[in-house]
Amino acid sequence: MKIKSEFVRTAIRAVLVLAALAAICIGTFFAMQASGKKRLYDGGSGGQMIMSQSALAETVEVPEEEAENWQEGDIRYQGRHYRYNEDMLTFLFLGIDKLSEVAPVKNGIDGGQSDAIFLLTMNPHNKEIYVIGVPRDTMAEIDVYTKNGDFQGTGVGQITLQHGYGDGAAVSCERSKKAVSKLFYNLPIHGYCAVNMGAIPLINDAVGGIEVEALESINYSDFRIKEGEKVHLDGMEAYHYLHYRDVTAFSSAGRRLDRQKQYLNAYASAAMEAVKKDVTLPVTLYKTLNRYMVTDISVDEASYLGLQMLEYHFDTDNMCSLKGETVRGEKFEEFYVDEKALYELILDVFYEEVME
């Protein structure tokens, strides 16, 4: 009986210890959620939106009876009153044309180009996620530096080049974030994540691979698919599908962007299903990608976002890319944004109509 009672006491102590550990883990998880949320909303860069400074914004005299309902930064467009949604969370995602792990570079112009540029936004008012693709060849204001890192001035160039003017790490990302924010009328961006393309197999396989219907035929290295063929992408197959383009063909970057948008849509669905099965997946993936990734999104912020996204809706209707025209420049292709379409896109995604 003595041995039996001792065994019972030991078992009870073990259960209590496990319960305590579980409580600590759960408490830590929810503490991470709270701190992650606060830091995300506190960290938005870009300052005040400057949509009102566009020639497209209508200059109006606000009647005295409407003055109380008019705030600084509000705009009127086509007779309607709009206000920026300050509860939006917006993130910049960059795919960098390097297969290697992240390693800061000494040459100030060798930070690597951003072959994929996407803005992901979360609107807590309607629980919608939107993804906006920015063509790599978009002509925009970028900051230019020398090999030694000396600032030369601001000029107009392909936005993909901005990441190259930096250290290939945080400095490059901050400069890219600034350029994209400026392109979108000083849009606040709450975080960035730049991933070297060598991480694609890890990202892809973490959710069991992705199935797509090929948008075009590709015959590159050991990867061959035909347009319209359904293929399950595993490992390096995902890399080739997302990275390949025929540089001799006009607007090949645009067709690659279409493949990237298609893949991201499929990946979002797969990732959400995976997170439903394992809520810690965002943190696990974060740690797995660490060697290939540069981000200012912390682990607790990633934890908060991963759990929040389970409540959000996303489909192909919420994914788009900037409208404009691709022309042949002196050396490379150049994409010129349709300013009216961009203005209306920003109003549609980031602003809300104010009812008088």
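The legends below describe close-up views of a predicted model. Residues are numbered from 1 along each chain as its sequence is written, and side-chain values use heavy atoms, with hydrogens and water left out. Because the model is predicted, local features need pLDDT of at least 70 and side-chain atom pairs count only at pLDDT 80 or more, while totals for chains, interfaces and linings use all residues.

View 1. Strands (E, at least two residues) and helices (H or I, at least four) are DSSP runs numbered from the N terminus, and two strands pair if DSSP finds at least two bridges between them. Three bridges join strand 1 to strand 2 (residues 80-84) in the antiparallel sense. Arginine 76 is opposite histidine 81 in strand 2.

**View 2. Threonine 90 in strand 3 (residues 89-96).** Threonine 90 has a relative accessible area of 0% and is buried; buried means under 20%, exposed over 50%, and partly exposed in between, with a 1.4 Å probe and protein chains only. Leaving aside neighbours within four places in sequence, its contacts include Leu119, Leu187, His190 and Phe350. Contact means heavy atoms within 4.5 Å. Threonine 90 and phenylalanine 350 are 260 residues apart in sequence, and their C-alpha atoms are 9.4 Å apart in space.

**View 3. Asparagine 318 in a loop.** This loop runs between helix 7 (299-308) and strand 14 (319-321). Asparagine 318 has 10% relative accessibility and therefore counts as buried. Not counting residues up to four places away in sequence, asparagine 318 touches Glu128, Ile129, Tyr130, Val131 and His313.

**View 4. Helix 4 (residues 236-243) and its packing.** Ala238, Tyr239, His240, Tyr241 and Leu242 of helix 4 are buried. The elements against which the buried residues of helix 4 pack include helix 3 (200-206), strand 9 (210-213), strand 12 (230-233) and helix 5 (252-277). The charged end of arginine 259 sits over the ring of tyrosine 241, 5.6 Å from its centre. A charge sits over a ring if NZ of Lys or CZ of Arg is within 6 Å of the ring centre and within 35 degrees of the ring normal. Elsewhere, the charged end of arginine 175 sits over the ring of tyrosine 145, at 3.5 Å from its centre.

**View 5. Aromatic pairs.** Rings of Phe, Tyr and Trp (its six-membered ring) pair if their centres lie within 6.5 Å; planes under 30 degrees apart count as stacked, over 60 as edge-to-face and the rest as tilted. By this rule the count is six aromatic pairs. Tyrosine 185 and tyrosine 343 form an edge-to-face pair, 5.7 Å centre to centre with 80° between the planes. Tyrosine 185 is in the loop between helix 2 (170-183) and strand 8 (191-196), and tyrosine 343 is in helix 8 (residues 339-350), 158 residues apart. Both tyrosine 185 and tyrosine 343 are buried. The ring centres of tyrosine 220 and tyrosine 244 are 5.5 Å apart and the planes are at 40°, so this pair is tilted. Tyrosine 220 is partly exposed, with a relative accessible area of 41%. Tyr77, Tyr185 and Tyr343 form one aromatic cluster.
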